[in-house]
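Thanks, everyone, for making time this morning. I would like to walk slowly through one protein with you, so please keep the picture in view while I talk.

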Amino acid sequence: VQLQASGGGLVQPGGSLRLSCAASGSILSIVAMHWYRQAPGKERELVAGITRGGSTNYLDSVKGRFTISRDNAKNTVHLQMNSLKPEDTAAYYCNANLIRVGAYTSNNYWGQGTLVTVSS
C-alpha cells in the first residue's frame, strides 16, 4: 500500500492551496483518511479527517478555512486550504486507516510529507 501526496508549495498569506493524496495497492476498504501537519519544533497534529461515509472533523484553527473531501472510487482525499496564514506553514502528511485485501483488521498508513509554506 502506498499513499502519494501532492500539492504543497509556497503561497502568500490569504492564498489557497489544494493538497491531494492517492492510496494505491491491495486495498479492500478505506475506513478513514486524514491530514496531519508538523511544523518545525512542534508535534504532529491532526488537521482534518473524513470517514468513508463522509463525516468530517477539523482542527479548531482551520475550521471555516479548510475543507476535506474524498473520492471513494479513486481512494483519494483532498484538502482545500483557503485564507492561508503563516502559522499554517508545515509539512502536511496524509494518513489512511484501511483494510488490506486478505486482512481482517485495519491499519494506519502514511504518505510522504508535502511542504506548505505561507509567506509574503
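Let us begin with R65, which lies in the loop between β6 and β7, the latter covering residues 66–71. Please keep in mind throughout that this is a predicted model. Is R65 buried or exposed? R65 has a relative accessible area of 10%, and because the cut-off for calling a residue buried is under 20%, R65 counts as buried. If we leave out residues up to four places away in sequence, R65 touches Q80, M81, N82, S83, L84, K85 and D88.

Now let us move to H78, which belongs to strand β8, residues 76–81. With a relative accessibility of 16%, H78 is also counted as buried. Which side chain makes a polar contact with that of H78? The answer is S20, and the contact between the two side chains is 2.8 Å. Setting aside neighbours within four places in sequence, the residues in contact with H78 include R18, L19, W35 and T67.

W35 brings us to the strand pairing, where W35 has A48 in β5 as its bridge partner. Strand β4, residues 27–38, is joined by 10 bridges to strand β9, residues 90–100, and these two strands run antiparallel. On that side, Y36 has Y93 in β9 as its bridge partner. Strand β4 is also joined to strand β5, residues 45–51, by 6 bridges, again in an antiparallel arrangement. As you follow the chain from β4 into β5, you pass through a hairpin with 6 residues between the strands, and in its turn G41 has a positive phi of about 80°. As a general point for reading such pictures, side chains in a regular strand alternate between the two faces of the sheet.

Finally, a word about confidence, for which the average pLDDT of the protein is 96, with 100% of the residues scoring at least 70. Among the elements, strand β1, residues 2–6, has the lowest mean pLDDT, 95, while strand β6, residues 56–58, has the highest, 98.

Key
Residues numbered from 1 in each chain as written. Heavy atoms only, no water. Pairing = 2+ DSSP bridges. Helix = DSSP H or I, 4+ residues; strand = E, 2+ residues; numbered from the N terminus. pLDDT = per-residue confidence, 0-100. Buried < 20%, exposed > 50% of the residue type's maximum accessible area, 1.4 Å probe, protein only. Contact = heavy atoms within 4.5 Å. Polar contact = N/O pair within 3.5 Å; in protein donor to acceptor, adjacent residues only side chain to side chain.
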